[in-house]
Amino acid sequence: MNKINKRNLHITRRHFFEECGVGVGKLALAGLLTSSSPRLAGARGLGGGRAKHVIHLFMAGAPSQLDLFDYKPELVKLEGQPLPPSVYKNQRYAFIRADAAVLGPRFKFQKHGQCGMELSEMLPHLGSVADEICLVKSVSTDQFNHAPAQIFWNTGNGQPGRPAMGSWVVYGLGAGAKDLPDFVVMSTGAGISGGAANWSSGFLPTKYAGVRLRNSGDPILDVSSPAGVDAKLQRETLDLLGTLNRRDSDPEIASRIASYELAFRLQTSAPEVMDLKSESKETLALYGCDPNKPSFARACLLARRMIERGVRFVTIYHEGWDAHSDVAGTSRNKCKETDQASAALVKDLKQRGLLDETLVIWGGEFGRTPMVENNPALGRSQGRDHHPQAYTMWLAGGGIKGGVTYGATDDLGFHVVENKVHVHDLQATILHCLGLNHEKLTYRYSGRDFRLTDVHGSVVKDILS
């Protein structure tokens, strides 16, 4: 070894670093680092809110608020007539004219709970937890198309490159889980328009990035050992690699060592958390979950298991809500996939004493228009276009008032007329529930202090319990 010059020794280290992880070394799961060292704990030393965890149910493609949450009798009266110019003024749309004919709600609505919350007949299970949720009917966004709007909701900016909300939360609060990532992402469909930019750590250190778990097979690629490799060999390999790496005082090398160590532990913890055999038949029935089949229901149950083990932030992306044609059919199918499990998650958390410390969020990137989209050339009929001016989301637990309907839109569901809540306001409120001040949770990059809400956002105090 003494005959090897320093440059060649460096190359040898890199060779070990890249090639000798024996499966686990290839993981390099950036989001796993926060549990393994005090140095990697919360960067801001903040916290103290009622919520300790977040389960984010993101309905990619944008559900139709007018058919699910925001009933408008006036749309029934005006169906088939052009939208009055005084309403749309200079608005432009992607696939329809602004004066397109009005389309009334496709479903009946009824009131639920002691609070009398009005919901579509497509959401009977959500109605059973109406007194636990806060329905915000006055959400607005700056973005009009799917990818920018999804990235905007998840990162506070419409362009890729900013840290995701989950990354900011883990950066602010520090580790909660010991042997699992603190920011977990699951997808229950074919993929979302905004892609991995929605859970990227952006300019934050890569240890804060979301870690995506797969629907089938190994939950994380390479988490299983290859044939002929046992735990003893892996342990010896990692020990040797760690010895070589510790000769370098570079803090990023220390981060990589921590990554390998936690990835080694993950080989046991990840399969265990994904195995639903310990769940009772009653719990599986509550969610409508087949433990052997990937589904939104299975993902919701896994999310509960993860926060029980300390995971800070779980996002479930459920795609397919983009109803440019047959908004009734799309809404019916998507509610069938999501309504029971969404409500079950709230019920399950409450009966386990976890709802008070877990903030649940449900919604998409924008809403749908009160006007119909009909385009024979594209094979579209009875759909709705993108609508960023007003839409609906709901929240539950974690310091949010239950049984509350907040905000209102005009008679056509076009504009917010009461208690407008911008996306940045909701982001600020989510951080507040976790004990994080959105104006103080900052990271210096390229000469300025960045934050999730940029220079905007106010906490929506009226919905806090």
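What covers the buried residues of α7? The cover includes α6 (146-155), β5 (183-187), β7 (313-318), α13 (423-433), β16 (443-445) and β17 (448-450). Contact here means heavy atoms within 4.5 Å, and helices (H or I, at least four residues) and strands (E, at least two) are DSSP runs numbered from the N terminus. The model is a predicted one, so to speak of local features pLDDT has to be at least 70, and side-chain atom pairs count only at pLDDT 80 or more, while totals for chains, interfaces and linings use all residues. Residues are numbered from 1 along each chain as its sequence is written, and side-chain values use heavy atoms, with hydrogens and water left out.

Helix α7 itself spans residues 165-173, and nine of its nine residues are buried, where buried means under 20% relative accessible area, exposed over 50% and partly exposed in between (1.4 Å probe, protein chains only). Among them are Met165, Val169, Val170 and Leu173, along with the glycines Gly166 and Gly172.

Rings of Phe, Tyr and Trp (its six-membered ring) pair if their centres lie within 6.5 Å; planes under 30 degrees apart count as stacked, over 60 as edge-to-face and the rest as tilted. By that rule the structure holds 16 aromatic pairs. Trp168 and Tyr171 make an edge-to-face one, at 5.9 Å centre to centre and 70 degrees between the planes. They sit three residues apart in α7, about one turn of the helix, and both are buried. Trp362 and Trp394 count as stacked because their ring centres are 6.3 Å apart and their planes are at 10 degrees. Trp362 belongs to strand β8 (residues 358-363) and Trp394 to strand β11 (residues 391-396), so this pair ties together parts that are 32 residues apart in sequence. Trp362 and Trp394 are buried too.

The criterion is NZ of Lys or CZ of Arg within 6 Å of the ring centre and within 35 degrees of the ring normal. Arg380 does likewise with Phe95, at 4.6 Å from the ring centre. Arg380 lies in strand β10 (residues 380-387), and its side chain makes a 2.7 Å polar contact with that of Glu373. A polar contact is a pair of N or O atoms within 3.5 Å; within protein, one must be able to donate a hydrogen and the other to accept it, and residues adjacent in sequence count only if both atoms are side-chain atoms. Leaving out residues up to four places away in sequence, Arg380 touches Phe95, His324, Ser325, Glu373, Asn374 and Asn375.

As for the nonpolar interior, a core is a set of buried Ala, Val, Leu, Ile, Met, Phe, Trp, Tyr and Cys residues joined through side-chain atoms within 4.5 Å. The largest has 53 residues, and those with the most contacts inside it are Leu57, Phe69, Met186, Met306, Val314, Ile316 and Trp394. Helix α11 (residues 296-308) supplies the largest share of this core, nine residues. Apart from this core lies another of 46 residues, including Cys134, Val136, Val185 and Leu434. Val314 is in contact with Val54, Ile55, His56, Val184, Met186, Ala303, Met306 and Ile307, once its neighbours within four places in sequence are set aside.

Salt bridges, taken as a side-chain nitrogen of Lys or Arg within 4 Å of a carboxyl oxygen of Asp or Glu, come to 23. In the one between Asp356 and Arg50, the closest N and O atoms are 2.1 Å apart. This pair links distant parts of the chain, 306 residues apart: Asp356 is in the loop between α12 (327-351) and β8, Arg50 in the loop between α1 (6-19) and β1 (53-59). Asp356 is partly exposed at 44% relative accessible area, and Arg50 is partly exposed at 41%. Lys137 and Asp70 meet at 3.9 Å, N to O, and both are buried.
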